[in-house]
Amino acid sequence: MPGNKCVLVTGACGFIGSNFVKMADQLVPGARIVCLDKLTYAGNLENLAGFEDGDNFRFVKGDICDDVLVNKLFGEEAIDTVIHFAAESHVDRSIDGPAEFVRTNIMGTFNLLEAARKSWLDGKRDPATCCFVHVSTDEVYGSLGDTGYFTETTPYDPRSPYSASKASSDHLVNAYFHTYGLPAIITNCSNNYGPYQFPEKLIPLVTLNALDGKDLPVYGDGMNVRDWLFVEDHCTAISECLKKGVNGEGYNIGGNNERTNIEIVEKICDLVDELAPPLPSGESRRSLITFVTDRPGHDKRYAIDATKTRTEIGWEPQMDFGPGMKLTVKWYLDNSGWVANVRDGSYKEYYEKMYGGR
Ligand SMILES: NC(=O)c1ccc[n+]([C@@H]2O[C@H](COP(=O)([O-])OP(=O)(O)OC[C@H]3O[C@@H](n4cnc5c(N)ncnc54)[C@H](O)[C@@H]3O)[C@@H](O)[C@H]2O)c1
């Protein structure tokens, strides 16, 4: 079991990374948390408001592809654990511009693996006290028909530049385990929902457009299926895999909670109708739904079989879908300041205020 004395969290200012850092006291108690984030459009330092550099926390603005910086960080800090969230993560953007996905998701992961290899396998450290947790996605497995589930032995079959870049990074992590003995595990999780997700993704996007009375575009016939998991349950699964997982193994994480996209959108419409003032027309928000041309290569169905993680790790999701969705929609409605800041990018002023001159 790793020492967890100093945990490098990459992508800590994104959706899942920031939720993980907020839960770090319970997930990795007593550890020093070192956050590395480039603060791309998706990374928002405000997501970590309240955290200040000190004995247990440090934030570093930087690129995981910057080998000088990453090696320096491994030299300055006694990092024994990496939780690697940093990635370009939006499928639509990967179709418009795949290069950044190849750079960050593949080259960035390679760079981190190299730094960990140099630091952990140099003979001065006991690798048994270290672990590289690579946070990946179920999208590496491709698309399912109406039946069946992804297990850890499902062959990889990525369909988008995003999933191909994640699959590639998974292979690199496996290669570093088998070739060099780098202590590493991979987690492949289904779609997450919850607070602090950048409002280009389905649930916050639909919530905010529904609030504003804007059109709610749904791809194709809306019958694509995703398996939704509350973000805090994903974070708990990662820390449990860190504690109990076996190096070289992969662990599927999912909520056993399959929903069609149209079901998600209708659920959000009903919640916004319940929680926000009515539309001026008096109509239900469901009237805003429009069906648009499907995106290329849109995977039909993802569904995770998380039996291995449930039985070998002993993890179970805690949040039910109904209360989780209500909490999530309410969070976006209640946090209009956060929404305004991430939409217009003005959080960069916050960064200058907090970390200007560094
Ligand atoms: N969101 C999901 O539903 C989901 C599901 C399964 C797996 N994942 C995986 O979990 C991880 C986190 O996803 P997320 O939804 O929080 O993503 P996100 O897009 O919200 O956050 C990504 C973070 O990484 C940072 N980043 C991007 N490029 C970087 C670089 N070159 N150097 C340093 N930092 C960089 C961004 O600034 C941002 O803070 C990703 O690896 C993703 O593939 C996400």
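## Reading rings, cavities and backbone angles

A search of the whole structure finds 16 aromatic pairs.

Me: Before we look at them, what kind of model is this, and how are the residues numbered?

Reply: This is a predicted model, in which local features need pLDDT of at least 70 and side-chain atom pairs count only at pLDDT 80 or more, while totals for chains, interfaces and linings use all residues. Residues are numbered from 1 along each chain as its sequence is written, and side-chain values use heavy atoms, with hydrogens and water left out.

Me: How many aromatic pairs does the search find, and what counts as a pair?

Reply: Rings of Phe, Tyr and Trp (its six-membered ring) pair if their centres lie within 6.5 Å; planes under 30 degrees apart count as stacked, over 60 as edge-to-face and the rest as tilted. The search of the whole structure gives 16 such pairs. In one of them, the ring centres of Tyr 41 and Phe 198 are 5.0 Å apart and the planes stand at 90°, so this pair is edge-to-face. The pair links distant parts of the chain, 157 residues apart, with Tyr 41 in the loop between β2 (32-37) and β3 (57-61) and Phe 198 in the loop between β7 (191-193) and α7 (202-212). Here helices (H or I, at least four residues) and strands (E, at least two) are DSSP runs, numbered from the N terminus.

Me: Is Phe 198 buried or exposed?

Reply: Buried means under 20% relative accessible area, exposed over 50%, and partly exposed in between, with a 1.4 Å probe and protein chains only. Phe 198 has 17% relative accessibility and therefore counts as buried, whereas Tyr 41, at 22%, counts as partly exposed.

Me: Which residues form a tilted pair?

Reply: Tyr 176 and Tyr 180 do, at 4.9 Å centre to centre and with 55° between the planes. Because these residues are four apart in helix α6 (residues 161-180), about one helical turn separates Tyr 176 from Tyr 180. Tyr 176 is buried, with a relative accessible area of 5%, while Tyr 180 is partly exposed at 38%.

Me: Where does a charge sit over a ring?

Reply: The rule asks that NZ of Lys or CZ of Arg be within 6 Å of the ring centre and within 35 degrees of the ring normal. Lys 22 lies over the face of Tyr 196, at 4.2 Å from the ring centre, and the charged end of Lys 308 sits over the ring of Tyr 251, 4.7 Å from its centre.

Me: How many cavities are there?

Reply: Rolling a probe the size of a water molecule over the atoms shows where empty space is left. On a 1 Å grid over the protein atoms alone, a cavity is a set of points where a 1.4 Å probe fits but cannot get out, and lining residues have an atom within 4 Å of a point. The count comes to three cavities of 30 Å³ or more, and the largest cavity holds about 60 Å³ of space. Its lining includes Val 91, Glu 139, Arg 295 and Tyr 302.

Me: Which residue has a positive phi although it is not a glycine?

Reply: Leu 39 has a positive phi of about 55°, and this residue lies in the loop between β2 and β3. At 9% relative accessibility, Leu 39 counts as buried. Asn 256 also has a positive phi of about 55°, but Asn 256 counts as exposed, at 58% relative accessibility.

Definitions and conventions:
On a 1 Å grid over the protein atoms alone, a cavity is a set of points where a 1.4 Å probe fits but cannot get out, and a pocket is an open set with protein on both sides within 12 Å along at least five of seven lines; lining residues have an atom within 4 Å of a point. Grid points are joined across faces, edges and corners, and a volume is the space filled by probe spheres set on the points.
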